[in-house]
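Hi,

Here is the structure I promised to pass on.

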Amino acid sequence: LFERAHNNFDRNGRKDWKLAPTRVTYGLLMTILSDCNIPQRTDELLAEMEHLEQNNNQTYARIAPDGGTYTLVIRAWALSGLPEGPELAEACLRRLQKVYQERNERRLQPRRESYGCVIHAWAGSRESWGIYRAQRLYEEMFELHARGYEHILPNPAVYDKLIWHWSLSKEAAGPAMAETILRRGAESHRAGHTEVGPTVYSYVNVLNGWANREDLIGNAEHAEVILNMMIDNAAESKGQPPPKTNQFESVMRAWSRSSNPRAIDRMEMLLKRQLKLSIAGMPRINPNQRIFSLIIDTWKKSDRVNEASKRIPELEVLKAVKSCDLWKAGNSQRETR
């Protein structure tokens, strides 16, 4: 239909302006082609738009591509799954930047979405260095913001996937890089850019990234710091839900695998805080049986035999009732060591 309309528009040298193609027409076709995983054709259509605009400036004024048009092509390559997809997506981004620098037209300014597509493509690529390429593009967005670009600061739609990939990475710096991105998003939010603040998923991915890295010294401490940030954010009514039982369990598990002599004390402190939050009415935060089992097993491995012999029976009772009712009633009150 697109080709027929295009041909009819210029039939016999007489232009029917009712059938004149526009940027929207091309954009819709590009979207369909992208969804059908035909990125090459979207790139060809963009080149056609550029050619028509440059050679028939007045006739095809409504066809001039803007930043959104380039982003459609970037998205098509980024989602193609092809080995060369990330490279070609970034090439289209650089093409957009070049056009913007040459013309300095606001409609051609690179967008947050443009960078986000390329970042996601590199972060999930098969190349071992792809995550570093994605990180560099993420840093570039802050540089452009400092130079006056609008709507370019990374938001969760851009950096959550980068955080996720860093959290799953086997790189020694993976969890730390994920946490840095999280904190930078929080700083931007505090600076007044409310649309770029991290979501609960941002925190959860960073927490899990630390908790699952047994090979890194201090991973449990870092995971607990992120958990406390989640609790504090919820308490300060920042619009974020509190952590759930699963997040407490992840941190407890990290402590249970730690060689730190304070591990059992940290687990007891976390349990006490979890119970208090549950009693205060926070939803889906009640300790489960796995948490009690982790603490019991850690006590059994402890060299503090006398304390363990007193504490384990108390924990067994709480585990059996599967709630904090006994603790609430005062039957298992205990001060933090």
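**Starting from a buried tyrosine**

Y115 is buried, with a relative accessible area of 0%. For the terms: buried means under 20% relative accessible area, exposed means over 50%, and partly exposed is what falls in between, using a 1.4 Å probe and protein chains only. Before going further, please note that this is a predicted model, where local features need pLDDT of at least 70, side-chain atom pairs count only at pLDDT 80 or more, and totals for chains, interfaces and linings use all residues. Residues are numbered from 1 along each chain as its sequence is written, and side-chain values use heavy atoms, with hydrogens and water left out.

Back to Y115, which is found in helix α6. Helices here are DSSP runs of H or I with at least four residues, strands are runs of E with at least two, and both are numbered from the N terminus. Setting aside neighbours within four places in sequence, Y115 is in contact with L93, R94, Q97, P110, L137, E140, M141, L144 and I152. Contact means heavy atoms within 4.5 Å. Y115 and V158 are 43 residues apart in sequence, yet their C-alpha atoms are 7.8 Å apart in space.

Not counting residues up to four places away in sequence, L93 touches I74, S114, Y115, V118 and L137.

From K98 to P110 is 12 residues in sequence and 10.0 Å in space, C-alpha to C-alpha.

**The protein as a whole**

The secondary structure comes to 16 helices and 0 strands. Of the 337 residues, 50% count as buried. Among contacts with a separation of 6 or more, 62% are between residues 24 or more positions apart.

**The largest pocket**

Rolling a probe the size of a water molecule over the atoms shows where empty space is left. In this work, a pocket is an open set of points on a 1 Å grid over the protein atoms alone, where a 1.4 Å probe fits and there is protein on both sides within 12 Å along at least five of seven lines; lining residues have an atom within 4 Å of a point. Grid points are joined across faces, edges and corners, and a volume is the space filled by probe spheres set on the points.

The largest pocket holds about 440 Å³ of space. It is lined by 27 residues, and the closest to its centre are A78, C117, H120, A121 and W122. The elements giving two or more residues to this lining are α4 (67–78), α5 (85–103), α6 (112–123) and α8 (156–168). Helix α6 provides the largest share of the lining, 7 residues. By class, the lining has 12 nonpolar, 8 polar and 7 charged residues. Here Ala, Val, Leu, Ile, Met, Phe, Trp, Tyr, Cys and Pro count as nonpolar, Asp, Glu, Lys and Arg as charged, and the others, Gly among them, as polar.

**A helix pair further along**

Helix α12 (residues 245–256) and helix α13 (residues 263–279) pack at an angle of about 170°, with their axes 9 Å apart. The axes are lines fitted to C-alpha atoms, for helices over the stretch in contact, and angles run from 0 to 180 degrees between N-to-C directions. That makes α12 roughly antiparallel to α13, a label used for angles over 145 degrees. The residues in the contact include F248, M252 and W255 of α12 and M267, L270 and L277 of α13. By class, this contact has 9 nonpolar, 3 polar and 1 charged residues.

E249 is also in α12, and at 8% relative accessibility E249 counts as buried. E249 touches N288, R290, I291 and L294, leaving out residues up to four places away in sequence.

Most residues other than glycine have a negative phi. N104, in the loop between α5 and α6, has a positive phi near 55°, and N104 is exposed at 58% relative accessibility. H151, in the loop between α7 (130–146) and α8, has a positive phi of about 50° and is exposed as well, at 60%.

How values were computed. Angles under 35 degrees count as roughly parallel, over 145 as roughly antiparallel, 65 to 115 as roughly perpendicular and the rest as oblique.
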